[in-house]
Amino acid sequence: MTATKRPGPDGPQGGRSGRDGRGGRGGQGGRPRKAWRPGPPGPPPRGKAFGDRAAWFLVLPALIPILILSVGPLLYGIALAFTDAQSGRTRSTQWIGTLNFQDLLHDTLFWDSFRIGLVWAVGVTVPQFLLALGLALLLNQNLRLRWAARALAIVPWAMPEVVVGIMWRLVYNPDAGILNETIRDLGLGDGRDWLTGLATALPAVILVGVWAGMPQTTVALLAGLQNTPRELHEAAALDGAGAWRRFRTVTWPAIRPIALAISALNLIWNFNSFALVYVLTSGGPGGRTRLPMLFAYEEAFRYGQFGYAAAMGCVMVAVISVLLALYLVGRLKGGEDR
């Protein structure tokens, strides 16, 4: 009698490795498996729902002032741009649709101020970034009294714009200003009235804007430089890379996101400048330094044309929104490339 050898559980006909039997995926003797289907989502955990509500309560103290002081006035200003609102208690306000914007399209004074605003914003932002980058690279070196140099570098940032404007008015004073006195002592001439000259007013104001805004750019770039690993610079130096090549291949890729962010913010802030230029020149001489914000201010509070000034504000908000959109799109594309 010959014994019949039973296939083991791992044999070709076994239930574990074969496709038949109880352990298989299918077959005559196998039990068909039911396809798993996700059920309806259950209620969120009680602790999580309570945490979400607590988070909203924590955010409200910061959110309410933003809604009241920023979002509310913005919406009111947009609505005001479609009316003929003017100063005076007894005068009624009428809805006039897009008439203010139609008049704005043909207002050459506004578009001149818009052009001056773009020149001012670019003329301040570009030198500001280049000088701040050089200063940040210098302050990142292992120098003696570096802490004192860093403290002095942020002094202009700590001063209010009104104080900066008054101080530079004294510097530019045609009779007793330090700039003209230095020119006379060096025998370079008798000096000039920098803030009232048609050819020198805008460059003089741009110089003050660069000086006042450079510290914040320096601080941002210095933070990016300090976060750059020194091992990368040492490895590049061992490979024979010079200072310029190390900056181009190591330093700049590390600080490029910060540089783009601070440059975009500086461009927006400079385009919206008001206090500094108002204290220095009040938009003169002959409108050579009249920025869009100054023009809107004069229309609203000097001539009482609140609706027309609100329309100017809407145009400037649209321009700033476009700049922000371009910046965000560039950041998103940069993130995808990385």
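In this predicted model, Thr-289 counts as buried because its relative accessibility is 1%, where buried denotes under 20% relative accessible area, exposed over 50% and partly exposed in between (1.4 Å probe, protein chains only). Thr-289 lies in the loop between α11 (275–280) and α12 (292–302), the helices being DSSP runs of H or I of at least four residues, numbered from the N terminus. Its side chain reaches the backbone oxygen of Gly-284 at 2.5 Å. Beyond the neighbours within four places in sequence, the contacts of Thr-289 include Ile-116, Ala-201, Leu-202, Val-205, Val-277 and Leu-294, contact meaning heavy atoms within 4.5 Å.

The largest nonpolar core comprises 40 residues, of which Leu-104, Phe-110, Trp-120, Tyr-172, Val-208, Leu-280 and Met-312 touch the most other members; such a core is a set of buried Ala, Val, Leu, Ile, Met, Phe, Trp, Tyr and Cys residues joined through side-chain atoms within 4.5 Å. Among the elements that give two or more residues to this core are α3 (108–139), α8 (201–226) and α10, while α13 gives the most, with eight residues.

Helix α10 (residues 243–271) spans only 35 Å between its end C-alpha atoms, whereas a straight helix of 29 residues would span 42 Å at 1.5 Å a residue, the expected span being 1.5 Å times one less than the number of residues. α10 bends by about 55 degrees at Trp-252, and Pro-253 follows within four residues, the bend being the angle between axes fitted to the seven residues ending there and the seven starting there.

Residues are numbered from 1 along each chain as its sequence is written. Local features need pLDDT of at least 70 and side-chain atom pairs count only at pLDDT 80 or more, with totals for chains, interfaces and linings using all residues, and side-chain values use heavy atoms, with hydrogens and water left out.

Definitions and conventions:
Polar contact = N/O pair within 3.5 Å; in protein donor to acceptor, adjacent residues only side chain to side chain.
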